[in-house]
Amino acid sequence: MDVLELARWQFGITTVYHFLMVPLTIGLSVLVAAMQTAWVRTGDLRHLKMTKFWGKLLLVNFAMGVVTGIVQEFQFGMSWSAYSRFIGDVFGAPLAMEGLVAFFVESTFLGLWIFGWDRLPKKVHLACAWAFALATMISAYFILAANSWMQHPVGVEFVNGKPTMNSIGAVLTNNTALAAIPHTLAGAFSVAAAFLVGVAGWHLWRRRGSSESDAGVHRDVWRSSLRLGGWVGVVAFAVLAITGDTQGKLMFEQQPMKMASAEALCHTEAPASFSILAIGDVADANCEDVKTFTVPALLSFLAHNDFSTEVKGVENLVGEYQAKYGANYPDDPDLGPLAGKPIDYVPNLPVTYWGFRVMIGFGAISAGIGVLALWLTRRGRIPGGRWFPLLVLGGIATPFIGNSAGWIFTEMGRQPFVVAPNPSGVEDMWMFTAEAVSKLSVGEVWTSLISLTLIYLVLGLVELYLMRKYVRGGIEGVMPPPRTPGSGSGPGSNAGTDSDADSDSDDSALSFAY
């Protein structure tokens, strides 16, 4: 493996790992804020318990996301310094805005939320929760604006041979970013929804034989959490389908090779069929040994909203790309073994083809589990089969897998470009991935790759341990049990009773130390 391949593996591993935390934080932050809103408005202790329990898990996940996210910023200087030097004037702006604005707002209001229990007025404290949730989405927007610029560069011009931003507005309102943000947020809510369904479903099943009056049951908390997660998951999948359709049409216009590789479409078709499943070696760009099960004309509709549009195949696009962007890499020693060699414009077809289907399939499975959980828990029912906790707990993984597959498809589908050309943008505004990598030795990249992978493995085990600990601890793990009359610090103490849920003394009794 050469430096380029190792650097891509390193960035891929660290990015996919980091993105396991990001969608859960985004989705859960909004749902926790909504739970706290319900408590402030109604005074219902059930909503306070939900806020405390899910808030604890949110904090564990957010902390791990921060630790792993910091590494991402340094990646551009470590392994991709040539990219940073060439594109930094444009790419750095949204990243700086994310760090200086969104992340500091997140951290500030999260701190106020953590330490503000019993110290801030309820509505001010609630505002902190919403400010944090809003900041996580704004943070995602800036990151997606930066990534979308790599997919579809806008708001840029060449000054002395160097790309220079001439419109931050164009970068932030890039139509690729505007399509990506609702799709990504819907994916985040899908992750949070599956998390609620899985954990709450397990607790609900675990206490199925207990009476509601028994200590530690909290059946109302788990039922409400499960049903909230189920409905959010269903709505999120509907939004994913709609926004995914929008992204598909943009992909057809902006990155036709990615569209063709998503379908392993070797030859141009009009109308073009959508492949449901392929049998054979989809890596073969000639499709000689591939048999596919298709839906006639559906790909044409996904590309252009009609059933007759021509969709170009990989073979035809290769010739067009060679004519536009060159048949060979520049004969530059910095490109190492690729200097002067033919450019392979075809992405990894097995990864793009199957990644696209894994994304859709696991997203649908996640929504299906949510619908099933809603049906099985209707009208106070609690599923008794041993398969139920296995189903809902296993379902937690499905949107994570779908999200990761979607991002892998998105990033690998634009190869060999790190900055894909804009068909209607500035001429020569693109960059090959091979040109972006730092001048490092194979040993140096192996060292950082192995080190980061091992560190991330340890961090992953720590998060799993903490999540398991607090999930199993249930409500009692984050809130002290209410004190009964005579059991408090003074005779006849009644702190913690439901009737005093809104009082300062009860807020103190029900608070937990984050």
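Serine 190 is in contact (heavy atoms within 4.5 Å) with Ala236, Leu240, Ser366 and Pro399, neighbours within four places in sequence being left aside. The residue is found in helix α6; helices (H or I, at least four residues) and strands (E, at least two) are DSSP runs, numbered from the N terminus. Serine 190 has a relative accessible area of 6% and is therefore buried; buried means under 20% relative accessible area, exposed over 50%, and partly exposed in between, with a 1.4 Å probe and protein chains only.

The model is predicted: local features need pLDDT of at least 70, side-chain atom pairs count only at pLDDT 80 or more, and totals for chains, interfaces and linings use all residues. Residues are numbered from 1 along each chain as its sequence is written, and side-chain values use heavy atoms, with hydrogens and water left out.

**The chain and its helices**

The secondary structure of the protein chain comes to 16 helices and 6 strands. Of its 514 residues, 51% count as buried. Among contacts in the chain with a separation of 6 or more, 77% are between residues 24 or more positions apart.

The span of a helix is compared here with an expected value, 1.5 Å times one less than its number of residues. Helix α1 (3–42) has 40 residues and should span 58 Å, and its end C-alpha atoms are 59 Å apart, which agrees. Just after α1, glycine 43 takes a positive phi of about 75 degrees. Helix α4 has 30 residues and reaches 44 Å from its first C-alpha to its last, close to the 44 Å expected. Because 21 of the 30 residues of α4 are buried, this helix is largely enclosed by the rest of the structure.

**Nonpolar cores**

A nonpolar core is a set of buried Ala, Val, Leu, Ile, Met, Phe, Trp, Tyr and Cys residues joined through side-chain atoms within 4.5 Å. The largest one has 64 residues, of which Phe53, Trp54, Leu57, Phe195 and Trp222 touch the most other members. Helix α6 provides the largest share of this core, 16 residues. Apart from neighbours within four places in sequence, phenylalanine 195 is in contact with Leu24, Leu28, Trp54, Leu57, Ile396 and Met467. A second, separate core has 54 residues, including Phe91, Met251, Phe409 and Val437.

**Cavities and a pocket**

Rolling a probe the size of a water molecule over the atoms shows where empty space is left. On a 1 Å grid over the protein atoms alone, a cavity is a set of points where a 1.4 Å probe fits but cannot get out, and a pocket is an open set with protein on both sides within 12 Å along at least five of seven lines; lining residues have an atom within 4 Å of a point. Grid points are joined across faces, edges and corners, and a volume is the space filled by probe spheres set on the points.

By this rule there are 2 cavities of 30 Å³ or more. The largest cavity has 18 lining residues, and the closest to its centre are Ala193, Ala194, Ser366, Ala367 and Gly370. Helices α6, α7, α11 and α12 (387–395) each supply at least two residues of that lining. The second largest cavity is lined by Ser29, Val32, Ala33, Leu58, Trp113, Ala129 and Phe132, and α1 gives the largest share, 3 residues.

The second largest pocket is lined by 43 residues, and His183, Gly244, Gln247, Phe356 and Met359 are the closest to its centre. Helix α7 gives the most to this lining, with 10 residues.

In the table, Ala, Val, Leu, Ile, Met, Phe, Trp, Tyr, Cys and Pro count as nonpolar, Asp, Glu, Lys and Arg as charged, and the others, Gly among them, as polar.

| Space | Volume | Lining residues by class |
|---|---|---|
| Second largest pocket | about 1100 Å³ | 21 nonpolar, 18 polar, 4 charged |
| Largest cavity | about 110 Å³ | 8 nonpolar, 10 polar, no charged |
| Second largest cavity | about 40 Å³ | 6 nonpolar, 1 polar, no charged |

**Backbone features in loops**

The peptide bond from alanine 270 to proline 271 is cis, with omega near -5 degrees, and proline 271 has its place in the loop between α8 and β3. Another cis peptide bond joins glutamine 415 and proline 416, with omega about 15 degrees; proline 416 is found in the loop between α13 and β5 (417–419).

Asparagine 160 is not a glycine, yet its phi is positive, at about 55 degrees. Asparagine 160 lies in the loop between β1 (156–159) and β2 (162–165) and is exposed, with a relative accessible area of 80%. Alanine 297 also has a positive phi, near 65 degrees. Its place is in the loop between β4 (291–295) and α9, and alanine 297 is buried, with a relative accessible area of 12%.
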